[in-house]
Amino acid sequence: MSVATAHTRTRGVQIDGVAVAAALATFVCAAPAIAVIALAFAPGAEGATFAGDLLRDGALGTLALVLAGGGGAIVFGATAAWFVSLCRFPGRGVFEWLLVIPLAAPSYVLAYSYASFSWAGGWSPIEVRGFWGAAFVYAVGLYPYVYLSARAAFASQSACALEAARSLGVGPLKLFWRVALPLARPGIVAGAALALMEIAADYGAAQHFGLTTLSTAIFRAWYAHQSLHGAIQISAALLLAALVFLMIERRARGRAAYGGGSSRWRPLPRYQLSALPAALATIFCIALIVFGAILPLAWLARLAWLHANIGDVAPALINSLVLAAVGVVLTLALAAAIASAARRSTNIGKASLFAAGMGYAAPGAVIAMGALAMFSLAREWGWIGGLGSALALFALFWTYAARFAAAGVGPIDAGLARLSKGLDASARTLGAGPWRRFAEIDLPIAMPSLAAAALILFVEILKELPATLILRPFNFDTLAVKAYSYASDERLLEAAAPALLIFLAGLAPIVLLARSIDRTRAGAR
Amino acid sequence: MSTVSLQGVRRSYDKTLALHDVTLTAPEGQVVALLGPSGSGKSTILRLIAGLESVEAGEIRINGELVSAPGSTLATEQRRVGMVFQDYSLFPHLNAAANVAFGLDKLGRAERDEAALRWLDRVGLKHRASAYPHELSGGEQQRIALARALAPQPRAILLDEPFSGLDAVLRAELRDATLATLAETRTTTIFVTHDAEDALQAADRLVILKAGRVLQEAAPREAYDRPASLDAAAALGPVNIYKGEITNGALQTPFGDINAAHLTNGTSAQAAVRAEALTLTPNGSTRVISVRPHGAHDLVKIESQGVTWRALVPARMPLGDAVSVTIQPAGAFVFSA
């Protein structure tokens with residue numbers, strides 16, 4: 001073997017590849033949000049006053065919904081988590097994972113289901129509408145965010161602290177208020193921040209219940225008033241709110257990590273509830289699951305069965321599948337670049353992680369307005385022509401990637417964690433080149449995590465409404481858009497079929513999540 | 001089977017030098033032990049030979065072929081050097097047979113499977129062929145890793161702390177089994193250890209390292225009997241160290257004189273006396289501080305003129321409170337300080 005041909009440079013090339021990809025990912029994720037902020041402060045002559053009015057009304061509306069809907073979600077989620085983590089009552093083990101099911105449905109799907117259930121020939125004696133209707137939908141649909149992180153916080157609590165309190169004669173209710181709740185507070189706050197973020201970002205439900213929020217105000221400025229600048233300004237305000245929630249969530253998570261660090265860890269002692277409280281706990285959990293998932297799902301199924309217009313839904317379904325499939329590939333690539341760069345904890349890795357987090361926190365409407373702003377600037381500068389279908393799709397995929405890359409980073413990172421440097425080195429000493437190492441070592445080992453990431457992203461994109469509504473090419477309907485446009489026309493019976501399909505698709509990643517909960521239940525570490 | 005040689009190899013991490021000017025040779029078919037404490041650079045040497053790292057100065061040759069020099073490194077996968085990692089690094093998604101077969105991809109399928117089974121049989125694990133790594137014990141994993149590394153018939157094999165994760169009984173057993181396999185295949189072997197007993201028992205040649213430098217390269221017997229320095233002496237077992245001045249061609253210690261004819265009178269020097277080179281007999285002027293069991297020996301702490309030494313003597317010797325001490329010349333060395 002000649003020395004000259006056999007030698008290869010070992011440093012440089014590979015490292016740069018990941019860094020370049022991470023830099024690109026950072027740009028993709030951060031650009032729309034930065035465009036929104038930059039343009040919001042740029043002087044714009046048109047529409048300053050109406051944007052001011054819309055901004056104020058929207059901010060007040062969002063604040064009120066966050067307080068009412070978010071408050072409900074926090075109470076429901078924290079209470080349910082307390083019950084299943086620290087008490088014993090009939091059905092506890094099943095409720096533990098069933099309680100996350102409402103995460104499968106986006107708020108607008110719940111809104112359409114409840115609206116048709118309670119007004120348009122529905123069976124409900126109480127009308128679910130207006131402000132309180134929206135607050136109800138948010139509370140029963142989003143409590144799982146609080147439930148999940150509060151449950152994790154309760155589950156990681158030191159049994160010793162709780163036992164110490166019990167030995168001092170503290171009863172279950174007092175124990176909750178004085179020991180368990182304060183210990184779990186960071187976890188509850190982190191989950192609450194996520195739920196509030198979702199409420200602030202929601203467009204479909206708020207729009208359907210006729211409310212003015214920051215999200216609906218963006219649409220009004222853009223469609224009714226034809227003012228990009230006004231829409232951008234409102235977007236900036238919404239982005240700011242989202243970033244505040246994100247910061248709260250990050251800080252709380254950081255603190256929650258210290259809460260469970262007890263080296264003496266034993267399965268949590270659970271209180272056997274006596275007959276009446278046990279019955280109440282069971283009824284409470286059943287009610288959450290019924291109102292959050294079973295009732296709206298069953299109602300949509302019934303309507304879809306009676307009124308589905310297959311010929312109308314099929315093209316939207318195909319569009320949705322294609323859009324989500326392509327979106328998954330692009331977003332997954334971006335997320336993989338971010339995750340690999342982040343594992344090296346370089347500056348570019350940290351930057352890409354931050355940018356992805358920002359994109360994920362930002363509501364879809366905001367990112368879409370940012371993308372729109374970027375493309376209209378590019379058009380002004382003569383880089384591109386008009387926003388044709390191809391370009392619109394490009395902008396849409398960009399928005400999906402910026403919005404959801406962070407959702408893929410977590411699972412991919414978990415997969416990468418299973419790949420040790422030792423495995424790579426082993427394969428090399430056994431003569432495996434880079435492609436064989438990738439195909440036979442890296443890929444098979446990381447595959448389950450990649451598949452999970454792909455599934456999560458697929459469903460996120462499938463459910464996405466506001467950005468798709470803003471950026472889709474003309475006459476290009478997805479399931480979400482179809483459900484939305486039927487519902488806007490008060491054709492709720494026909495909205496049921498696409499809404500049901502979205503709900504069912506949403507169940508897939510939730511089942512995965514529920515299974516992982518089943519494996520990591522409190523008391524089994 | 002090839003000779004592996006390093007000539008003047010240097011390597012640093014974050015500006016601190018991990019290896020200074022390391023020169024050593026692993027002759028064809030022999031077992032070489034790299035002995036040193038953690039941080040001595042012994043694992044770095046393995047990684048350099050495997051091509052997982054590049055050298056900053058010097059060169060590495062395998063069978064005369066230049067494989068590493070500054071700025072050019074033959075890729076690991078082209079070196080045909082097997083390696084067993086400290087954590088074994090078995091592929092978690094492949095069973096034992098598939099792990100062993102991984103490096104045999106040039107063979108046809110039937111041939112490959114047969115070879116993998118033959119290697120499993122050689123390390124006594126044919127019956128575990130379809131077990132996955134998480135189902136195997138530590139010792140079994142080590143043997144699979146060895147079979148995997150040997151199966152492609154590498155030019156040399158590198159073992160990184162091969163026995164460190166195992167308990168004492170298993171350790172000796174596995175060491176002997178591994179050596180037998182290596183001897184059978186006559187594979188040039190370089191293994192890293194921080195355990196003097198492993199090194200002395202297993203190696204044909206010893207390379208003693210400290211802080212990135214080679215202290216001594218010799219056969220085990222020679223390294224034990226004629227250490228090149230105080231540190232080299234200390235690397236192979238517990239030693240007592242004493243500082244003093246040469247008078248009349250000897251270094252006088254509280255426990256007796258040590259011959260130092262090779263040093264000039266009046267210069268300061270240091271003595272290293274192996275704990276097992278002290279013979280104790282009852283009744284004398286040296287006080288016994290404590291006697292503790294130490295395997296087949298007793299570890300005795302003795303004191304004279306305010307100096308405390310340790311001695312390894314046959315177990316359960318009746319010594320009393322005071323002893324007289326004789327220093328065996330074969331285990332006592334004087335170096336100029």
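**Entry 1: A:Ala406**

I looked up A:Ala406 and found it in helix H16 of chain A; helices (H or I, at least four residues) and strands (E, at least two) are DSSP runs, numbered from the N terminus. The model is a predicted one, in which local features need pLDDT of at least 70, side-chain atom pairs count only at pLDDT 80 or more, and totals for chains, interfaces and linings use all residues. Residues are numbered from 1 along each chain as its sequence is written, chains are lettered from A and ligands numbered from 1 in the order in which they are written, and side-chain values use heavy atoms, with hydrogens and water left out.

Which residues does A:Ala406 touch, not counting residues up to four places away in sequence? I noted A:Ala356, A:Gly357 and A:Tyr360, where contact means heavy atoms within 4.5 Å. I also looked up A:Arg491, which is 85 residues from A:Ala406 along the chain; their C-alpha atoms are separated by 35 Å.

**Entry 2: H16(A) and H18(A)**

I next examined H16 (residues 389-417) and H18 (residues 434-463) of chain A, which pack at an angle of about 155° with their axes 8 Å apart. Axes are lines fitted to C-alpha atoms, for helices over the stretch in contact, and angles run from 0 to 180 degrees between N-to-C directions. The two helices are therefore roughly antiparallel to each other (angles under 35 degrees count as roughly parallel, over 145 as roughly antiparallel, 65 to 115 as roughly perpendicular and the rest as oblique).

I recorded the crossing of H16(A) with H18(A) as right-handed. A crossing is left-handed if the near helix is turned anticlockwise from the far one by less than a right angle, and right-handed if clockwise. Among the contact residues are A:Tyr400 and A:Phe404 of H16(A), and A:Ala446 and A:Glu460 of H18(A). By class, this contact of H16(A) with H18(A) has twelve nonpolar, three polar and one charged residues. Ala, Val, Leu, Ile, Met, Phe, Trp, Tyr, Cys and Pro count as nonpolar, Asp, Glu, Lys and Arg as charged, and the others, Gly among them, as polar.

**Entry 3: H13(A) and its partners**

I found that H13 (residues 310-343) and H14 (residues 347-361) of chain A pack at about 135°, with their axes 7 Å apart. H13(A) and H14(A) are therefore oblique to each other, and H13(A) passes H14(A) in a left-handed crossing. In H13(A), A:Ile338, A:Ala341 and A:Ala342 meet A:Gly349, A:Ser352, A:Leu353 and A:Ala356 of H14(A).

I then turned to H13(A) and H18(A), whose axes come within 8 Å and cross at roughly 130°. That makes H13(A) oblique to H18(A), and the crossing is right-handed. The contact of H13(A) with H18(A) has 13 nonpolar, three polar and no charged residues.

**Entry 4: chain B against chain A**

I noted that the contact takes 31 residues from chain B and 27 residues from chain A. The two chains bury about 2,400 Å² between them, 59% of it on carbon and sulfur atoms; buried area is the accessible area (1.4 Å probe) that two parts lose on being put together, summed over both. In chain B, B:Glu77, B:His93 and B:Phe102 lose the most area to chain A.

How many salt bridges are there between chain B and chain A? I counted three, a salt bridge being a side-chain nitrogen of Lys or Arg within 4 Å of a carboxyl oxygen of Asp or Glu. A:Arg437 and B:Glu77 meet in a salt bridge (3.3 Å, N to O).
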